[in-house]
Amino acid sequence: MPTAFITGASGFIGGNLARRLSREGWTVRALARSERSAGIVAANGAEPVRGDLDTVGAMAEGARG
């Protein structure tokens, strides 16, 4: 199963992308800066990875899939 790591999955475009990829059978992981964002990311079918673009560890975790 292919894996995608995306940013912005709690927003309009990223959320639509996460839902589409999930429907198509992808494993989707997405960066989430807050608990609220993590909840939205999960509702959009992605596994939340806590952190932001400046958090090297979060980026590495998300990319590992």
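Throughout these legends, contact, or touching, means heavy atoms within 4.5 Å. This is a predicted model, where local features need pLDDT of at least 70, side-chain atom pairs count only at pLDDT 80 or more, and totals for chains, interfaces and linings use all residues. Residues are numbered from 1 along each chain as its sequence is written, and side-chain values use heavy atoms, with hydrogens and water left out.

View 1. Start at the N terminus and the elements read β-α-β-α-β-α. Helices (H or I, at least four residues) and strands (E, at least two) are DSSP runs, numbered from the N terminus. Of the 65 residues, 32% count as buried; buried means under 20% relative accessible area, exposed means over 50%, and partly exposed is in between (1.4 Å probe, protein chains only). Take the contacts with a separation of 6 or more: 41% of them come from residues 24 or more positions apart.

**View 2. The largest nonpolar core, with eleven residues.** Here you see A4, I6, A9, A18, L21, V28, A30, A32, A38, V41 and A46. Two or more residues each come from β1 (3-6), α1 (12-23), β2 (27-32) and α2 (35-43), and β2 gives the most, with three. A nonpolar core is a set of buried Ala, Val, Leu, Ile, Met, Phe, Trp, Tyr and Cys residues joined through side-chain atoms within 4.5 Å. In soluble globular proteins, nonpolar side chains tend to be buried together.

**View 3. Helix α2 and its buried residues, S37, A38 and V41.** Looked at down the axis of α2, these buried residues fall within an arc of 100°, so they line one face of the helix. That arc is taken from the directions from the helix axis to the C-beta atoms. On the face turned away from the buried side sit the exposed residues E35, R36 and A43. Among what covers the buried residues of α2 are β2 and β3 (47-50). Just after α2, G45 takes a positive phi of about 90°.

**View 4. A9 and N44, two residues in contact.** N44 belongs to the loop between α2 and β3, and it counts as buried because its relative accessibility is 10%. Leaving out residues up to four places away in sequence, N44 touches A9, S10, G15, A18, R19 and S22. With neighbours within four places in sequence set aside, A9 has contacts that include G14, A30, I40 and N44.

**View 5. L31 in strand β2 and E61 in helix α3 (residues 56-64).** L31 is buried, with a relative accessible area of 10%, while E61 counts as partly exposed at 33% relative accessibility. These two are 30 residues apart in sequence and 9.7 Å apart in space, C-alpha to C-alpha. L31 and F5 are 26 residues apart along the chain, and their C-alpha atoms are separated by 7.7 Å. Not counting residues up to four places away in sequence, E61 touches R29 and V49.

**View 6. The largest pocket, with about 180 Å³ of space.** Its lining is made up of T7, G8, A9, S10, L31, A32, R33, S37, D52 and L53. On a 1 Å grid over the protein atoms alone, a pocket is an open set of points where a 1.4 Å probe fits, with protein on both sides within 12 Å along at least five of seven lines; lining residues have an atom within 4 Å of a point. Grid points are joined across faces, edges and corners, and the volume is the space filled by probe spheres set on the points.
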